[in-house]
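Here's a quick briefing to read alongside the model. Have the sequence and the 3D view open, and we'll go through a few spots together.

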Amino acid sequence: MREGFHPTTVEELEAVVKWAAAGRIPLEVIGSGSKRNWGRAVQSAHTLRTDGIAGVIDYEPAELLLTVKAGTALDDIQALLKEHNQELPFEPVNLSAVFGGSNQAGTIGGVLATNLSGPRRLKAGAARDHVLGLEAVSGRGEIFKSGGRVVKNVTGYDLSRGFCSSWGTLAVATSFSIKVLPRAAKECTLVLPGLTPQEASVAMSEAMGSSAEVSSAAHLPSGFCPLSQEHSITLLRLEGIPASIDHRMEKLRSVLKRFPLQEFIEGQPSRKTWGDLRDLIPFAGSDKPLWKLSVPPTAGQQVIAELEKRFVIKWMMDWAGGLVWVEMQDEGPHDGILRRIITENGGGHATLLRGSAELRASVDVFQPQTEALMGLSKRLKVQFDPHRILNPGRMYAGM
């Protein structure tokens, strides 16, 4: 049985990591465990949970600054921000429905370690772009700090952002300083029904290139959204103050006048639509392999077309076509063909989000790195975790 450590203070966490480093004992590092089945299985007999190190350290709404412990539940943070009419601008994803677990969205540390960013990434940036400061314990058992409480406070390595997408393989975070933003006073969505993926790609590209300041753009095939079970839908979201929204919506409709079928939703229906898309609700209730493909936005529709020639798939496009979610209807493996198609259509990368334990052990869950980049990753690993005790094998075998 796997032994578990559940510290409630930074000092307790530091002691556990020092013990593990001294004995060269690997640790599986998790927050609440909501993303435990994403990535390769960690090669460890011991688990280190960080959700006991939780709570708000400082919150200054007027300064748009939140400092919070890494194990704090994301739901608690969002509830606090909502009280002050603010939000995490990168729109973090709740993967509980995809993995068939509880409705708990996980911890802020898990969100940032995986750099989870929602549909608003096009306008607001990724999760890592909003991390101002970080405190963490390295694999040596040493507490270190990076960044601070202001935007321009970086010398040497930008460790605060570098932690994001590291999957707990470099250090165990204990707290973050995060930039927050006011919630939009109004949200509305222009809906274009019945477009083909190729037409949707053109529409999203023109919308993003316009002065309408579109914050999110997505395309879903028929049957994938309650708004329309019979037709595909292309969604273009605007956010801001009411007067600005009205003006920009008219401009957007004019830019897209070649697509005469235009519908409009606002308020709660719009928020729910984007919330379901963000949390991948169309893929809930299934255990089939689910891949996250990051490609050039104009290449998304071509990647889908090539995949449909070879496989039976379910899919949807986000980030104006730059993010394609693909659910394979057979077990696979599919990684080789997926990555070849991506390479032939402008490049990018493919990550297995959901898959059986056997599949995750047999394929490259994350995009294979070039020899030079893998060398850099290994050197960085040695600097922060020389004994390879933190989440060994979570991202790549042998690391």
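A quick term before we start: contact means heavy atoms within 4.5 Å. Helices (H or I, at least four residues) and strands (E, at least two) are DSSP runs, numbered from the N terminus. Keep in mind that this is a predicted model, where local features need pLDDT of at least 70, side-chain atom pairs count only at pLDDT 80 or more, and totals for chains, interfaces and linings use all residues. Residues are numbered from 1 along each chain as its sequence is written, and side-chain values use heavy atoms, with hydrogens and water left out.

**Helix α10 and Glu306**

- Helix α10 spans residues 300-310, and Glu306 sits in it.
- Gly300, Gln301, Val303, Ile304, Glu306 and Leu307 of α10 are buried, meaning under 20% relative accessible area with a 1.4 Å probe and protein chains only (exposed is over 50%, partly exposed in between).
- The cover over those buried α10 residues includes α7 (197-209), β15 (290-294), β16 (313-318), β17 (323-328) and α11 (335-344).
- Why does Glu306 count as buried? Because its relative accessibility is 15%.
- Leaving aside residues up to four places away in sequence, Glu306 touches Ile341 and Asn345.

**Strand β13, well wrapped**

- Eight of the eight residues of β13 (residues 233-240) are buried, so the strand is largely enclosed by the rest of the structure.
- In a regular strand the side chains alternate between the two faces of the sheet.
- Both faces of β13 are covered: one side has Ile233, Leu235, Arg237 and Glu239, the other Thr234, Leu236, Leu238 and Gly240, all buried.
- β13 pairs with β11 (residues 186-193) in the antiparallel sense over eight bridges; two strands pair if DSSP finds at least two bridges between them.
- Across that pairing, Pro193 stands opposite Ile233.
- β12 (residues 216-220) also runs antiparallel to β13, joined by five bridges, and Ser216 has Arg237 as its bridge partner.

**The three-stranded sheet**

- β1, β3 and β2 form an open sheet in the order β1-β3-β2, with parallel pairing.
- β1 (3-5) and β2 (28-30) are the edge strands, each pairing on one side only.
- Three bridges link β1 to β3 (residues 46-49), and Phe5 stands opposite Leu48 in β3.
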